[in-house]
Amino acid sequence: GEKLSKRHGAEPLEALRNRGMDASSVIGLLAGSLGLCLPESRMSAEELARSLGDDKCDLAGILQQARRP
């Protein structure tokens, strides 16, 4: 795989900040793109860590997909 910063279409953190996204929006964007929460969620790092056990987060499914060849 490629480095995240080298992927086509990847935006640097500075560009997200320039678009007016705060930390909770960026964390939500990243978590949503990984399927860890609902799309367009806003959350702190602490909220994300707590949500890993909530129904809105399918951590077991994500781990199972990651183990597939």
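Me: What share of the 69 residues in the protein is buried?
Reply: This is a predicted model, where local features need pLDDT of at least 70, side-chain atom pairs count only at pLDDT 80 or more, and totals for chains, interfaces and linings use all residues. Residues are numbered from 1 along each chain as its sequence is written, and side-chain values use heavy atoms, with hydrogens and water left out. Buried means under 20% relative accessible area, exposed over 50%, partly exposed in between (1.4 Å probe, protein chains only). By that cut-off, the buried share of the 69 residues is 22%.

Me: Which pattern does the protein follow along the sequence?
Reply: Helices (H or I, at least four residues) and strands (E, at least two) are DSSP runs, numbered from the N terminus. The protein has four helices and zero strands. Read along the sequence, the pattern is α-α-α-α.

Me: Which residues of α2 are buried?
Reply: Helix α2 spans residues 23-33. Cover for its buried residues includes α1 and α3. The buried residues in α2 are Ser24, Ser25, Val26, Gly28 and Ala31.

Me: Why does Ser25 count as buried?
Reply: Ser25 sits in helix α2. Contact means heavy atoms within 4.5 Å. Leaving out residues up to four places away in sequence, Ser25 touches Ser41 and Arg42. Ser25 counts as buried because its relative accessible area is 12%.

Me: Which residue forms a salt bridge with Asp22?
Reply: A salt bridge is a side-chain nitrogen of Lys or Arg within 4 Å of a carboxyl oxygen of Asp or Glu. The structure holds one. Its closest N and O atoms are 2.9 Å apart, and the partner of Asp22 is Arg42.

Me: How many residues apart are Asp22 and Arg42?
Reply: Asp22 forms a salt bridge with Arg42. The pair links distant parts of the chain: Asp22 lies in the loop between α1 (13-18) and α2, Arg42 in the loop between α2 and α3 (45-51), and the separation is 20 residues.

Me: Which residues make up the largest nonpolar core?
Reply: A nonpolar core is a set of buried Ala, Val, Leu, Ile, Met, Phe, Trp, Tyr and Cys residues joined through side-chain atoms within 4.5 Å. Not counting residues up to four places away in sequence, Leu48 touches Ile27, Ala31, Leu36 and Met43. The largest core has five residues: Ala31, Leu36, Cys37, Met43 and Leu48.
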